[in-house]
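Dear colleague,

I am handing over the structure we spoke about, and my notes on it come after it. Please read them with the structure open beside you.

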Amino acid sequence: MKNFSLLLLLLLAIILFFPVSNLIGLQGKNELIPTGMNGSDSFRKVSQIMQNKCVDCHAPGMLRKPFYAVLPIAKQLMEKDMAQASARLSLSKELFSGEAAFTPLLLARLEHVVGNDSMPPALYLTMHWTDSLSVDEKKTILAWIAEERAKSAWSKEAATSFKGEPVQALPLTVELDMDKVNLGNKLFHERLLSGDDSLNCASCHDLARGGTDQAKVATGIRGQQGPINSPTVYNAMYNIAQFWDGRAKDLQEQAAGPVANPIEMGAQWDEVVEKLKHVADYQAAFAKLYPEQGLSKTTVTDAIAVFEQSLVTGNSRFDQYLRGNTAILSSDEIQGYELFKTNCASCHFGPALGGLSYEKMGVKRDYFKLRGGELTEADNGRFNVTKREQDRHFFKVPVLRNIDLTYPYFHDGSVISLADAVRIMGEVQLGKTFSQDETAKMVAFLGTLTGEYKGKLLTHLTTADLQ
């Protein structure tokens, strides 16, 4: 019994030695990176907090390594943690010094983990007893994030009290060349862009149906079924790239793709250009607006892209709330927004509530196993573009503006009900089971995101309004 007690004490001493070694400074310290002269006092405080508490996992290039970092098991665990952490939130000397700016994505992710008290993780704190964030440190970081957002052009239309929100109001107007917008509008609805003159861009992106076709997958030329759900064209200008897998860098490149896709519009661009040249109105419009280039694939897709930039659906009830009309939302809708911020805003942030990052579908639970059915090439997501295994099942985060109208949901169009979509996202992305009340309130909030186009609420928009 005595020997067992001694063995137990020895084992306990060995276990405690590692965190105690960090506590007494055997881990070492990084040299503090000074912030620039232009940095605010709040940023200087935040930089120091992050340099003290976050560098071990999120800034591997400037890592202070404990002596046990070379030991088997510990080495593998640390390398795995650092790879996962830096993939999600990568910090650098330039960020700490203020030479580089924290992007809206970094701010959203930082706010999420600080607000949810999920960083540093519990396992890390078992080895680093003094590295948890204090209440004052959390307040300092969150206040600085709000301060940074308030400086953004995206926040200029918000009331002072809402300038630091993760979601910003859409502008009421967008400054564009209206002649190009009108030309692009006509081309967007032009059936000559398809191989048999039967389809146009609006066939899959109907502006009277939320900028989508409200179908599981797109239907192309000769009734062919596409492999993936058609995302909305409304507010697409806020996307970092276009298509679910981000294969088009911008709206112009996206406009070129479906026309030449044999399953979608099934045309050849040279033939499309020739057909358009036989229309006198197009000849005149392109000669005026593109005098050096004339009518070509490049100018056609440019005009369509300019038109699509105009498809900003501002003045939703939520936009009005952000501008200061706090009475316009119900108590349930406001509570739904608070739940949304806590659970969803690390991915669905910015003016369009999404479109600004790529995220894995199924972070906490295998979405595809939950869905059932065979995996398709479309299920690979970003992997189809990069061919990197770490990008498999990653998709561009969809925008949530007008989400009431853009069903069915997800890249595979597998879910019709918005409540089901919220519930599934909670399970597979967060590992949470939302209560019926929580789900209902978030759905109520999402319903406030339906905006206006041409002065009409999208739910009241008809095909005649688009002429």
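This is a predicted model: local features need pLDDT of at least 70, side-chain atom pairs count only at pLDDT 80 or more; totals for chains, interfaces and linings use all residues.

Residues are numbered from 1 along each chain as its sequence is written, and side-chain values use heavy atoms, with hydrogens and water left out.

The second largest pocket has a volume of about 780 Å³. (A pocket is an open set of points on a 1 Å grid over the protein atoms alone, where a 1.4 Å probe fits, with protein on both sides within 12 Å along at least five of seven lines; lining residues have an atom within 4 Å of a point, and the volume is the space filled by probe spheres set on the points.) Its lining consists of 42 residues, and Ile228, Phe243, Arg247, Pro258 and Glu264 lie nearest its centre. By class, the lining has 20 nonpolar, 17 polar and five charged residues (Ala, Val, Leu, Ile, Met, Phe, Trp, Tyr, Cys and Pro count as nonpolar, Asp, Glu, Lys and Arg as charged, and the others, Gly among them, as polar). Helices H10 (251-260) and H13 (297-309) each supply at least two lining residues, and the largest share, four residues, comes from H10 (helices are DSSP runs of H or I, at least four residues, numbered from the N terminus).

H10 and H13 also pack against each other, their axes coming within 8 Å and crossing at roughly 115° (axes are lines fitted to C-alpha atoms over the stretch in contact, and angles run from 0 to 180 degrees between N-to-C directions). The contact, meaning heavy atoms within 4.5 Å, includes Leu251 and Gln252 of H10 and Lys297 and Thr298 of H13, and it has five nonpolar, five polar and three charged residues.

H13 is also crossed by helix H9 (residues 178-188), with the axes within 7 Å and at roughly 105°, which makes H9 roughly perpendicular to H13 (65 to 115 degrees; under 35 counts as roughly parallel, over 145 as roughly antiparallel and the rest as oblique). The contact of H9 with H13 divides into nine nonpolar, two polar and three charged residues.

Elsewhere, the axes of H18 (residues 418-430) and H19 (residues 436-446) come within 9 Å and cross at roughly 120°, and the two helices are therefore oblique to each other. Leu418, Ala419 and Val422 in H18 meet Thr439, Met442, Val443 and Leu446 in H19, a set with six nonpolar residues, one polar and no charged.

With best wishes
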